[in-house]
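Please examine the aromatic pairs and the salt bridges of the chain shown here.

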Amino acid sequence: MTTTTTTTTGVAEKEGGVTLEHLRKRMAEFAKERDWDQFHSPRNLLLALVGEVGELSEIFQWKGEVPRGLPDWKDEEKQHLGEELSDVLLYLVRLSDICGIDLGKAALHKLELNAIKYPIMLSKGSSKKYTQINAADNDKGSCGATGISNSDSSKSKSNSDGV
């Protein structure tokens, strides 16, 4: 059984986490209540998202490599990070909604594609891009883990990197 609680901000939280669908609905309500749908074109949302990614980047700028869990960060720094990460997520969810993309399904599909581009036996422990993995495999005279040569796969695969 799922338990729902309401925070002081009026945002409902389900035990076990908040779903993308819940965020999508809340963002749609938020924009509608403020009559902001007129401003939420894909272009405008993308530019807002890019701006928020810039703000997120500023938090890490000049810090060098940062260990997992941010053990040396103050609580205020972590809270600020959480706010900027949330801005990025919320704009991404809103953009996907306005574009008619089911972000959860798209993300799962992308993971499936990445599993093909980065087979465990060729990529485990390696930071090489899939084109380097497949190029090394092709140098050995095979067609790679997918059975598709790089020249063929480049026509059917996107130019995006892995996750």
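This is a predicted model: local features need pLDDT of at least 70, side-chain atom pairs count only at pLDDT 80 or more; totals for chains, interfaces and linings use all residues.

Residues are numbered from 1 along each chain as its sequence is written, and side-chain values use heavy atoms, with hydrogens and water left out.

Q: How many aromatic pairs are found in a search of the whole structure?
A: Rings of Phe, Tyr and Trp (its six-membered ring) pair if their centres lie within 6.5 Å; planes under 30 degrees apart count as stacked, over 60 as edge-to-face and the rest as tilted. With this criterion applied to the whole structure, the number of aromatic pairs is three.

Q: What is the geometry of the pair formed by the rings of F30 and W36?
A: The ring centres of F30 and W36 are 5.6 Å apart. Their planes meet at 70 degrees, so the pair is edge-to-face.

Q: Which class of accessibility does W36 fall into?
A: Buried means under 20% relative accessible area, exposed over 50%, and partly exposed in between (1.4 Å probe, protein chains only). The relative accessibility of W36 is 37%, so W36 counts as partly exposed.

Q: Which parts of the chain does the pair of Y118 and Y130 tie together?
A: The rings of Y118 and Y130 have centres 5.9 Å apart and planes at 80 degrees, so they too form an edge-to-face pair. Helices (H or I, at least four residues) and strands (E, at least two) are DSSP runs, numbered from the N terminus. The parts tied together, 12 residues apart in sequence, are the loop between α4 (103–117) and α5 (120–123), which holds Y118, and, for Y130, helix α6 (residues 130–139).

Q: Where does the charged end of K117 sit?
A: A charge sits over a ring if NZ of Lys or CZ of Arg is within 6 Å of the ring centre and within 35 degrees of the ring normal. The charged end of K117 is 4.2 Å from a ring centre, and the ring is that of Y130.

Q: Which backbone atom lies 3.2 Å from a polar atom of the side chain of S123?
A: S123 is found in helix α5 and, at 13% relative accessibility, counts as buried. A polar contact is a pair of N or O atoms within 3.5 Å; within protein, one must be able to donate a hydrogen and the other to accept it, and residues adjacent in sequence count only if both atoms are side-chain atoms. The atom at 3.2 Å is the backbone oxygen of Y118.

Q: How far apart are the closest N and O atoms of E21 and R24?
A: A salt bridge is a side-chain nitrogen of Lys or Arg within 4 Å of a carboxyl oxygen of Asp or Glu. E21 and R24 both lie in helix α1 (residues 20–33), three residues apart, about one turn of the helix. In their salt bridge, the closest N and O atoms are separated by 2.7 Å.

Q: How many residues separate R24 and D97?
A: R24 also forms a salt bridge with D97, with the closest N and O atoms 3.4 Å apart. This pair links distant parts of the chain, R24 in helix α1 and D97 in helix α3 (residues 75–98), and the separation is 73 residues.
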